[in-house]
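Here is a short report on a sheet, a residue within it and a chain interface. Start with the view below.

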Amino acid sequence: MSLLREAERLITNQHAQAQALNAFITPLPRAGQWVDRVKEADRRREQGKPKSKLDGRLVSIKDNICTRDLPTTCASGILDKFTSPFNATVVDQLEDAGAIIAGKTNLDEFGMGSNSVHSRFGPVKNSRRDSSGQDLVAGGSSGGSAVAVAADQCYVALGTDTGGSVRLPAAYAGTVGFKPSYGLISRWGVIAYANSLDTVGILGRTTSSVRDVFSILNRHDERDPTSVSAFSRTRILEQLQESRFASRLTSTPLRIGVPVEYNISELTPSVRRAWLMSLAHLQAQGHTIQPVSLPATKHALSAYYVLAPAEASSNLAKYDGVRYGIRADGPDNTGKPDGYLYSNTRGSGFGSEVQRRILLGTFSLSADAMDNYFIQAQRVRRLVQLDFNAVFRATHPLAAAAGDSDAATSSSSDVDVLICPTAPSSPPRLSDVTGPSPGSSPLDAYVNDVFTVPASLAGLPAISVPVTASESGQDSDASDLTGIQVVGQYGDDELVMQVGELLEGLHFGSS
Amino acid sequence: MLRPWLNSGIVRSLSLVQRPLYPVLIQRSFSSARTLHATPDRVPLRKQLKQEAKSLKARKKQRKESEEASRQTWELTVGVEIHAQLDVAAKLFSKAATSTSDAPNSNVALFDLAFPGSQPEFQAATLLPALRAAIALNCEIQPVSRFDRKHYFYQDQPAGYQITQYYEPFARNGYVDLYDYDGIAPEDGDRVRIDIKQVQLEQDTAKSQEYPPSTQLLDFNRVSHPLIEIITMPQIHTPATAAACVRKLQSILQSCSAVTTGMELGGLRADVNVSIRRRGEAPGQCSYDGISGLGQRTEIKNLSSFKAVEDAIIAEKNRQIRLLESGGVVEGETRGWTIGSTETRLLRGKEGAVDYRYMPDPDIPPLVIGEDVIAHLQENLPTSPDALLAQLTGPEYGIPIEDAKPLIELDDGARLEYYQDVVDILHTLQGDSGQSQPAALARIAGNWVLHELGGLLTKADRSWDAEIVPARSLAELVHHLQIKKITGPTAKQVLAVIFEGDRRPVAQILEDENLLLRPLSRDEYAVLASAAIALNPGMAMSIRSKNQLGKLGWFVGQVMRMGEKGRVEAPKAEEVLRELIFGAKR
């Protein structure tokens with residue numbers, strides 16, 4: 001099929017399913033300059049000279065990544081109708097590779113949420129339904145990107161992953177979702193939620209398509225001060241070229257770690273079944289399965305929900321309606337000299353979940369709470385990192401060369417990757433998390449991030465791939481589709497993707 | 001003696017006495033007799049001035065006495081924070097240019113406006129002036145320092161936070177020495193050392209312009225201009241020393257080219273914290289920066305002149321004393337000061353205190369400063385003002401301290417540079433002739449640069465420009481004077497001509513205008529002197545008989561007047577007069 005026909009099919013889906021799924025805030029118009037660009041890509045492909053594997057492909061972009069030609073709203077009232085004066089580096093990189101920016105996808109406001117229901121533009125709906133035909137949540141916060149991929153509305157999509165926001169919706173929607181090592185993909189033009197955790201992630205129907213995108217974006221960018229330098233990238237690659245690492249999966253089997261702390265009582269049976277069957281499948285292929293302990297994991301979620309809101313409260317202080325964005329009608333203070341300057345603007349512009357996290361973060365950074373919350377959470381974050389360093393065979397390439405005796409001495413195991421579920425359960429019903437009196441508290445949504453947050457705190461590469469494990473005697477239904485997560489040492493992104501590929505799309509029966 | 005440049009300053013300040021300027025000037029320039037005939041409904045100006053001076057003196061004395069009395073009972077403790085704009089081409093976290101004069105909002109990068117998705121880009125060049133300042137302030141440069149966010153909402157602060165160095169500043173543990181000549185209080189003796197707690201890098205805010213009642217315009221050109229904040233320990237105990245400390249810090253910052261402009265032009269702002277405790281009682285309950293036993297302190301923000309620093313501290317100290325003496329309690333408040341006022345005013349009460357929620361900035365990597373950079377800057381640091389002062393007053397230059405200080409401080413060091421040029425050229429001109437000792441030459445040059453040239457500048461109300469009278473011209477003029485090719489009055493006259501724009505070389509002016517000294521012969525002097533004595537025989541007689549040598553000078557003046565202009569040299573005239581009057585005695 002030509003690239004143009006493929007693109008037209010995807011765009012038709014975008015428009016046909018706009019009402020039903022609400023995956024896009026700004027869809028790509030049916031006609032436009034992009035049509036000519038795809039035709040040119042088709043010509044290049046016929047001549048055997050495509051710009052890249054993405055030449056002429058439709059890539060959707062989460063609406064918290066800046067685009068000059070389309071609005072960037074972060075699904076927030078405060079940036080309603082905002083158009084950025086510049087492109088994010090990732091957008092430029094994609095366009096340079098011939099890709100077509102295929103609209104801006106819906107999300108939880110500023111990336112804060114696990115269900116993609118906290119949007120000024122309404123919730124995203126999962127393209128799957130449960131056995132009784134009820135609507136399911138898409139997962140968040142990159143729910144629009146995940147659903148756009150799952151429902152054939154684009155070829156691949158970019159999301160952002162701060163605590164699991166790419167992996168969780170990938171697991172719920174049944175796509176592949178990849179969060180690279182922190183600092184490999186540029187964040188210039190990616191609107192910050194929690195800078196020290198934010199990464200651009202990639203969603204695709206296959207790991208292979210995700211890898212194609214990653215190879216285009218995996219570059220140093222001098223505009224992003226947290227982008228890993230060219231020098232460090234070389235050093236990381238050199239370490240991985242040592243024979244004991246280069247031989248993994250080619251001539252030597254893998255040692256696969258199973259974190260025992262992840263086997264929690266809240267795990268639903270279908271998820272546990274998919275996890276076990278995935279491990280058994282890999283063992284059958286000759287890989288070693290080894291239980292490992294990550295003791296700090298049980299504090300990771302709490303630490304995340306202190307640190308991320310703290311950074312968010314700081315990052316979102318800039319939205320005051322003075323220089324850009326929306327300003328509330330009328331005078332915006334009480335008229336007194338000491339009045340609050342932007343209270344109306346911020347009060348009406350931000351949604352409830354964003355306001356909740358700003359308040360949480362403001363509290364945990366306040367002088368009286370700082371030590372007990374922010375500092376304590378940073379300590380937990382360091383422990384989580386040390387936990388991972390203790391179990392991986394590869395050392396962390398960016399860890400301090402000397403003095404990290406903790407990691408060196410307590411090295412109890414030496415695994416190549418960790419495998420665990422992406423989420424403890426299958427997607428909840430949309431009706432359970434929205435409506436006037438949702439049957440769940442914000443904390444219930446936070447719990448869904450329990451398995452994704454540790455890799456975010458440690459900046460490690462992680463991928464979620466769809467695995468189906470049906471119970472005996474039954475046809476597989478939506479609840480049998482589970483996301484299985486592969487986590488690797490910092491910089492081991494390629495291995496993580498390869499292991500994901502071994503599991504991607506597997507269907508396990510009961511036998 | 002009033003320095004000429006001080007003189008006209010006094011004339012200007014007189015106009016502040018809310019009277020039309022011209023009568024002051026007119027009456028000052030004519031004989032004082034006129035003022036006696038002033039209209040009866042007006043108090044004669046002279047009397048009025050006298051009365052005003054008298055009452056001012058009385059007020060000052062009274063204030064001094066009450067200050068002394070309160071000092072006996074209460075100990076004042078002050079710490080100072082200085083914010084100074086660094087002299088750099090780009091902003092702290094973007095490549096946008098720093099500027100004070102460009103069209104508003106013309107130098108603004110995305111990050112300066114806190115555009116969503118933009119990120120900071122630390123400009124390493126900022127470090128050079130910042131490090132020079134920290135080295136000049138004797139600080140320990142930290143090998144690793146970090147940036148933090150200080151949160152508060154205000155429209156001049158686009159990100160909702162200021163990026164600063166709160167937890168780990170780049171320089172710590174410095175000090176500044178204040179000497180008696182820096183204007184410290186007499187009770188501080190010859191020298192007092194004030195420790196510097198830390199020096200940190202931070203962003204400036206945007207400039208607001210208020211158009212009451214409801215309009216504010218914002219100019220983001222200034223936003224993120226790199227600043228350093230210098231925090232002293234609370235070790236200052238008098239208002240005068242606090243002002244001297246700020247003045248000294250400014251002169252150090254300027255001498256190492258760290259900052260753009262001084263306090264007068266807004267390039268430097270000071271906050272002070274003030275506490276008092278009763279002497280001889282149990283120590284206070286408060287502790288700041290590791291110094292305990294202090295009283296509750298208040299902070300006075302945004303002082304923009306040295307005088308404001310001193311006056312605000314006096315006012316705040318007295319407010320706290322009144323409060324405590326009437327049984328009240330000092331609250332940890334933030335207060336403000338209006339120039340010319342006598343009271344500090346409340347800006348923010350304790351309950352309104354801002355919690356800045358300092359957080360490490362997650363986007364900005366740590367600042368790592370290498371030993372090599374520090375060593376290089378240390379080697380190339382310009383001489384400190386104290387060392388300059390020692391040099392100027394030392395054997396090489398021999399300038400009196402009251403001249404050396406203005407030479408260093410005037411015109412951001414440009415006057416000193418000019419002076420040194422003049423001295424250098426003079427030395428070359430003198431060559432090996434050995435006419436004068438080097439120090440004598442330097443002292444004479446100092447007098448001409450500061451007082452003669454300074455006087456012309458003040459009279460013409462012009463600001464400093466080294467090109468008005470090129471250093472070479474002044475040096476040649478002084479050289480001609482030194483080798484007695486011209487007289488002092490001629491030199492002054494020629495200086496004025498050059499000042500007015502005459503660009504002919506000095507030698508040519510002297511030639512063209514026939515100003516070179518053609519020395520009178522002994523006989524010519526004798527003729528002039530005899531004539532003078534003949535006109536005033538009685539006076540000559542009384543000099544001779546009563547040995548009234550003081551009157552000899554009058555005769556010298558007469559001879560000068562009678563002789564051809566620019567040719568009579570006073571010492572020679574006196575010599576001849578002596579011989580003629582005392583005659584036989586010699």
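## Burial of Val80 in chain B

A residue is buried if 20 or more other C-beta atoms lie within 10 Å of its own. This is a predicted model. B:Val80 has 26 other C-beta atoms within 10 Å, so B:Val80 is buried.

B:Val80 sits in strand S1 of chain B. Leaving out residues up to four places away in sequence, B:Val80 touches B:Thr232, B:Ile236, B:Ala242, B:Cys245, B:Val246, B:Ala270 and B:Val272. B:Leu429 is 349 residues from B:Val80 along the chain, and their C-alpha atoms are separated by 48 Å.

## The sheet in chain B

Chain B has an open sheet of 9 strands. The order is S2-S6-S7-S10-S1-S11-S14-S15-S16, with mixed pairing. Strand S2 (140-141) and strand S16 (345-348) of chain B are the edge strands, and each pairs on one side only.

Strand S1 (residues 74-85) and strand S10 (residues 226-232) of chain B run antiparallel, joined by 5 bridges. Here B:Glu81 stands opposite B:Ile231 in S10(B). Helix H4 (residues 127-136) of chain B packs on the sheet. H4 touches S2, strand S6 (171-179), strand S7 (191-203) and S10 of chain B. The direction of H4 makes about 165° with that of S7(B).

## Where the chains meet

In all, 29 residues of chain A are in contact with 23 residues of chain B. On the chain A side, helix H11 (297-315) and helix H13 (352-365) are the elements that give two or more residues. H11(A) gives the most, with 3 residues.

What is the make-up of the side of chain A that touches chain B, by class? It has 14 nonpolar, 8 polar and 7 charged residues.

Definitions and conventions. Residues are numbered from 1 along each chain as its sequence is written. Chains are lettered from A and ligands numbered from 1 in the order in which they are written. This is a predicted model: local features need pLDDT of at least 70, side-chain atom pairs count only at pLDDT 80 or more; totals for chains, interfaces and linings use all residues. Two strands pair if DSSP finds at least two bridges between them. Helices (H or I, at least four residues) and strands (E, at least two) are DSSP runs, numbered from the N terminus. Two residues are in contact if their C-beta atoms, placed from the backbone, lie within 7 Å. Axes are lines fitted to C-alpha atoms, for helices over the stretch in contact, and angles run from 0 to 180 degrees between N-to-C directions. A residue is buried if 20 or more other C-beta atoms lie within 10 Å of its own, exposed if 12 or fewer, and partly exposed in between; C-beta atoms are placed from the backbone. Ala, Val, Leu, Ile, Met, Phe, Trp, Tyr, Cys and Pro count as nonpolar, Asp, Glu, Lys and Arg as charged, and the others, Gly among them, as polar.
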